[in-house]
Amino acid sequence: MVALTQGGGMVKGRGLTTLSRKTVDYSLYLVTDDKFLKDKENVCQTFMSKVREGILGGVKLVQLRLKKADDLYFYKTAMQMKKELQRYNVPLIINNRLDICLSVDADGVHIGKTDLPINIVRKILGEKKMIGATINFSDEKDVEMAINNNVDYIAHEHTLYKSSTKETIASYDQGIKKQIQILRNKVKSLQEKGKISKSLDIALPPIILIGGINTANIEETMATFYNSCAGVAVVSNIIGEHYDSFLNALKLKFVVDKYKKNENMAIAHLWANYLRYFFYKTMESADRGKNRSTDFSVADWLNADGVKTSNREFVTTVPQGKLVTNVNFQKCVYNLVANKLNFETIPLGGTTQRCATDGETIFLFHSKCVNGGKGHYPRDGGGGRNGKGNAYNDSVIEWVEKNKNEKMVNDIFIFIGEELHELFKKKFSSTFFSLNYFFIITRRSQMHTGLFKQFDWDMDTISIEYSHNFIHIVLKNGYFNDDYKVTNLGVLLSYLLIAQGKTLPHFFSRIVGEGALARAGEKWLKFLGAVAIALEISVNECARDEASA
């Protein structure tokens with residue numbers, strides 16, 4: 001199977017029904033297989049765990065392919081898979097089975113060469129579901145059928161490399177490259193004949209490469225196909241019994257991002273994927289009743305193809321950290337962060353001085369005006385000593401006055417509301433701003449200044465703009481029109497910045513290579529990753545809470 005786009009791996013979905021995402025990221029597509037089911041009587045929890053680990057490592061799309069399963073087993077597995085994937089807002093594709101897709105309300109189906117015709121599938125599913133199709137790029141009828149029925153991605157019937165999960169012909173890199181060129185020619189010919197629309201974007205539907213792709217050949221694969229594929233589909237190298245699902249997904253996603261975007265953005269996304277794993281694994285440990293400072297483990301990973309070579313584990317300790325804030329933490333949904341994780345909060349009014357600590361200290365300041373003056377969380381209820389309508393409360397003023405002449409270096413400040421940034425600019429020197437790091441959650445874009453760059457992020461309601469030691473999280477109309485959610489975002493970002501710690505996880509060298517290791521530790525890339533995953537988790541967890549309310 002192969003999916004085609006000239007641009008990046010993110011393309012507009014056709015009515016995708018998952019939470020708030022309107023785009024589908026095809027960069028790392030996990031396809032399952034019956035051979036990895038240990039329990040064939042009940043839903044296999046080992047299988048589900050492998051899929052979950054892959055998602056935490058960066059899998060963005062999952063296809064449930066169970067060719068040998070009976071109907072009830074397939075249905076039960078699909079139901080549990082959908083529930084699992086919804087937590088992470090990852091779309092679920094069902095292989096071939098329209099009945100299973102409709103019965104569990106999956107996001108779409110993948111249709112093979114010998115399955116129902118694509119036009120019949122589209123008629124049954126309508127335009128709100130995704131359809132992926134395996135076709136022959138040399139077959140004009142296949143191409144016409146796929147394009148005229150709005151397939152969301154296409155795949156060549158020959159695999160890239162030899163597959164260990166199904167009998168197919170492997171075309172290898174030169175064969176697939178030739179087929180992609182034939183596909184382009186077929187599309188042009190069909191347009192000239194009037195059989196498909198001439199207004200069709202020449203980029204075509206996305207192409208996904210599949211067949212024998214693993215951590216050993218992903219670099220070669222992307223070097224060859226970075227400008228003609230949307231991403232890669234992987235089976236054994238992620239869910240195989242002897243493979244480390246999380247670390248292999250992390251490696252595969254990093255290499256795809258490096259070629260589809262650039263190395264800096266790949267590193268930022270690597271941090272985001274690592275922090276996703278850290279957050280959910282730590283929460284799982286807390287839910288199991290362990291001490292909130294419990295360490296978590298990741299299996300050792302030594303072979304080039306990602307095979308686990310021993311039972312040794314390295315342990316990453318949850319970093320120590322403090323959050324100094326004027327937020328009323330008891331009203332915040334991420335009070336769970338304080339309850340379950342190694343995360344201490346200090347009321348801003350309780351300390352007017354800097355808080356020295358061996359771990360990270362984050363300063364989170366909340367304005368009353370981030371959403372039109374409807375703030376709910378500042379600790380002081382009054383208008384502040386500067387008069388009614390002040391955007392910040394007395395504890396903020398007191399802290400600023402006490403510390404404005406202090407030497408502060410490498411501290412991290414999060415401002416919810418542009419007004420707080422303006423206050424600090426009036427009170428602190430330019431040296432203060434050059435020696436510390438700032439995250440500003442605002443509704444005012446900085447792009448017009450020409451000093452800020454746009455981070456490649458896929459949320460319609462948010463943009464991330466960065467320059468030197470400033471990151472602006474620009475909230476547009478939509479999901480974050482609620483102070484409750486904005487405050488949750490600030491608290492979660494604080495925790496993730498603490499969780500990053502001051503040292504690189506030692507397995508990063510196996511992923512980015514020794515040459516890029518220093519760059520992987522650069523703060524602005526770490527910070528962009530923390531912002532990206534804070535936004536993702538905040539949206540997904542709040543949506544889950546609302547759905548269960």
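**Salt bridges and burial**

Visitor: Why is lysine 129 called buried?
Guide: Buried means under 20% relative accessible area, exposed means over 50%, and partly exposed is in between (1.4 Å probe, protein chains only). Lysine 129 has 7% relative accessibility, so it counts as buried. Before we go on: this is a predicted model, where local features need pLDDT of at least 70 and side-chain atom pairs count only at pLDDT 80 or more, while totals for chains, interfaces and linings use all residues. Residues are numbered from 1 along each chain as its sequence is written, and side-chain values use heavy atoms, leaving out hydrogens and water.

Visitor: What does aspartate 105 count as?
Guide: Its relative accessibility is 40%, so aspartate 105 counts as partly exposed.

Visitor: What makes the contact between aspartate 105 and lysine 129 a salt bridge?
Guide: The rule asks for a side-chain nitrogen of Lys or Arg within 4 Å of a carboxyl oxygen of Asp or Glu. For the side chains of aspartate 105 and lysine 129, the N to O distance is 2.4 Å, and they meet in a salt bridge. Aspartate 105 sits in the loop between α3 (98–104) and β6 (108–111), and lysine 129 in the loop between α4 (118–125) and β7 (130–135), so this pair ties together parts that are 24 residues apart in sequence.

Visitor: How many salt bridges does the rule give?
Guide: The count comes to 21.

Visitor: How do you know that glutamate 140 and lysine 193 belong among them?
Guide: Their closest N and O atoms are 3.2 Å apart, and the pair forms a salt bridge. Glutamate 140 is in helix α5 (residues 140–148), whereas lysine 193 is in the loop between α6 (172–192) and β9 (208–210), so the bridge ties together parts that are 53 residues apart in sequence. Lysine 193, at 49% relative accessibility, counts as partly exposed.

Visitor: Where do lysine 253 and aspartate 257 lie?
Guide: Both are in helix α9 (residues 245–260), four residues apart, which is about one turn of the helix. An α-helix has 3.6 residues a turn, so residues three or four places apart point the same way. Lysine 253 and aspartate 257 form a salt bridge, with the closest N and O atoms 2.8 Å apart. Both of these residues, lysine 253 and aspartate 257, are buried. Elsewhere, salt bridges that share partners join Glu53, Lys281 and Glu284 into one network.

**A helix checked by length**

Visitor: Why is α10 described as largely enclosed?
Guide: 21 of its 25 residues are buried, so the rest of the structure largely encloses α10.

**Two sheets**

Visitor: What makes β19 and β20 a pair?
Guide: Two strands pair if DSSP finds at least two bridges between them. β19 and strand β20 (residues 470–475) have six bridges, in the antiparallel sense. One of the facing pairs is isoleucine 462 with leucine 475 in β20. The two strands form a hairpin with two residues between them, and histidine 468 in the turn has a positive phi of about 55°.

Visitor: How many bridges link β18 and β19?
Guide: Strand β18 (residues 453–454) pairs with β19 over two bridges, also antiparallel.

Visitor: Why is β19 called largely enclosed?
Guide: Six of the six residues of β19 (residues 462–467) are buried, so the rest of the structure largely encloses this strand. Ile462, Ile464 and Tyr466 are buried on one side, and Ser463, Glu465 and Ser467 on the other.

Visitor: Which strands make up the open sheet with mixed pairing?
Guide: Its eight strands run in the order β14-β13-β15-β16-β17-β20-β19-β18. β14 (344–347) and β18 each have a single partner strand, so they stand at the edges with one side left without a neighbour in the sheet.

Visitor: In which order do the strands of the parallel sheet come?
Guide: This open sheet has eight strands in the order β8-β7-β6-β5-β4-β3-β10-β9. Its edge strands are β8 (153–156) and β9, each pairing on one side only. Between β7 and β8 there are four bridges, and alanine 133 has isoleucine 154 in β8 as its bridge partner.
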